[in-house]
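Have the sequence and the structure open as you read.

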Amino acid sequence: MIQPYRTLFVGTLVQESFLSVGGSDDPTTSLDSPFCLDGLGRPTLRGTGLAGSLVATLRRILHPQPVPATISGSQHGRQPSVWRCFNSHPAKSTQPVVRQHVAIDARTGAAANSMLFDVETLPPGTRWPFLLEVETDRDPDAAEQARAVLRHWAAGRCLLGREVARGLGWMRLEGCREYRLTTEHAGSWPCARATDHYPSYIEAHFTDLAAPVDYEREPLPGWCEISGTLSAGEYRPDWIEGADANGCYGLDSLSIGGHASDELTATWSERFLAPDGLANPGTGFDPDFAVVTFARADAQQCERLPYIPGSSLRGPLRHALSRLIRARQAFEDKEGTDDPALVQSLFGSTRQSAKLLLQDAFPALDADLRLAWFQHHAEDEFTGSTYQSAKFDRLAVMTGRFRWKMVLEDATSEEREALKTLLKLTQESQIGLGGGQWRGHGWLHWQIERFDSEEGTR
């Protein structure tokens, strides 16, 4: 008699942002947080990390019911899960990228002392083969629950690795197919000789069983998605009558400093503003402050484009909310705390996870993208000329549109209202981003395209 045997889900996980998966500390490297590598030195997405993310998504789908013991394992850990996740390695060789982080002192807006660190990541666009095996002979319903999770992953609701709240680890599952095996296929699966190329083996031997897994249109329970754009360029305030007719009232620019490697890879290209005849595309130069960039993998030539790290969005929003609450407490003659409870619940602390998650914001390729190389100097107040050798330069984005995305998890009405207040300030260009804010950089125009309704809360 033919019985259910295994159900296999095969697809490709594609990074929508940078990804960092924790590895072992290496005393021979200068990296603070290296990427996970296997014994052959290959970047590795471990099955344990995939399993944890799968179960976390299922727990949100089933809430308030618990995850079945057949999937989570028994209470005493003596029963293996019917979901088996396989380790994964990038489909193509990819060069790691070092992301630099710094804590900002809320009182001064400058970098806090001894709070600079870096994280090794893989760039967006990296593709990871994905394979999930479900033992349907032990639990026939486990395949349906896995399918429900993967439908959400296909819609881009997959979060993996560390520093998800700061923009890393946002993934999307592409081309997912389901193969329902019966006891007739017990002799073909598993196959010890095909362990290094299981996806191609499954496709070749079980082609007739393949069924596509579509994406889920409805958001996860308690999962509020907010998205929009952030624009640099001509300043045309809506509240000035006739602004479009009379021209712009200045330029909104952006300068977010990156790792030292961004300075080493700076290249003068046609995207830079320059007088006629000065531009010399392809020439490298050495700026003092370079904007953070990433290599566009799908371009015909290796092109580096600026982006906005999720941490550079999260930090200013957190400090703005903290200032608002402290100002309100001072007005009401109340003693304020160093970090109000509402700030901690939204942005997290050392004791609790953040409810507000922010993805890296990448440039929209259908919009114009222009940069500039600013020359600065300190002026001698007595002579009115340059002060000794105090001359420096800074790169900035002068024109561009960046797409951002946030997720607010299990928010209370108070937390939603606090976020709406912050987004209102951003729409009024009242929250600055990046460096050089007091030299005119960072006061960009935010637009909100999506904000899920109250029905997404619990």
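Let's start with Ser345: leaving aside neighbours within four places in sequence, Ser345 is in contact (heavy atoms within 4.5 Å) with Gln352, Ser353, Ala354, Lys355 and Glu415. Ser345 is found in helix α8, where helices are DSSP runs of H or I with at least four residues, strands are E runs of at least two, and both are numbered from the N terminus. Ser345 counts as buried because its relative accessibility is 11%; buried means under 20% relative accessible area, exposed over 50%, and partly exposed in between, with a 1.4 Å probe and protein chains only.

A word on ground rules: this is a predicted model, where local features need pLDDT of at least 70, side-chain atom pairs count only at pLDDT 80 or more, and totals for chains, interfaces and linings use all residues. Residues are numbered from 1 along each chain as its sequence is written, and side-chain values use heavy atoms, with hydrogens and water left out.

Glu415 takes us to helix α9, where it is one of the buried residues, along with Arg416, Ala418, Leu419, Leu422, Leu423 and Thr426. They sit on the same side of α9 because they cover an arc of only 160° around the axis, taken from the directions from the helix axis to the C-beta atoms. On the other side of α9, Ser413, Glu414 and Lys424 are exposed. What do the buried residues of α9 pack against? Their partners are β9 (223–234), α7 (310–331), α8 (341–347), β15 (356–358), β18 (386–409) and β19 (445–451).

Now for the backbone. Most residues other than glycine have a negative phi, and most peptide bonds are trans. These spots go the other way:

| Spot | Backbone value | Location |
|---|---|---|
| His63 to Pro64 | cis, omega near 10° | Pro64: loop between α1 (47–62) and α2 (69–72) |
| Trp189 to Pro190 | cis, omega near -5° | Pro190: loop between β7 (170–182) and α4 (198–205) |
| Ser429 | positive phi, about 55° | loop between α9 and β19 |

Glu163 counts as buried because its relative accessibility is 16%. Ser429, which follows α9, counts as buried too, at 17% relative accessibility.

Last stop, Leu116: buried or exposed? This residue of strand β4 (residues 111–121) counts as exposed, at 56% relative accessibility.
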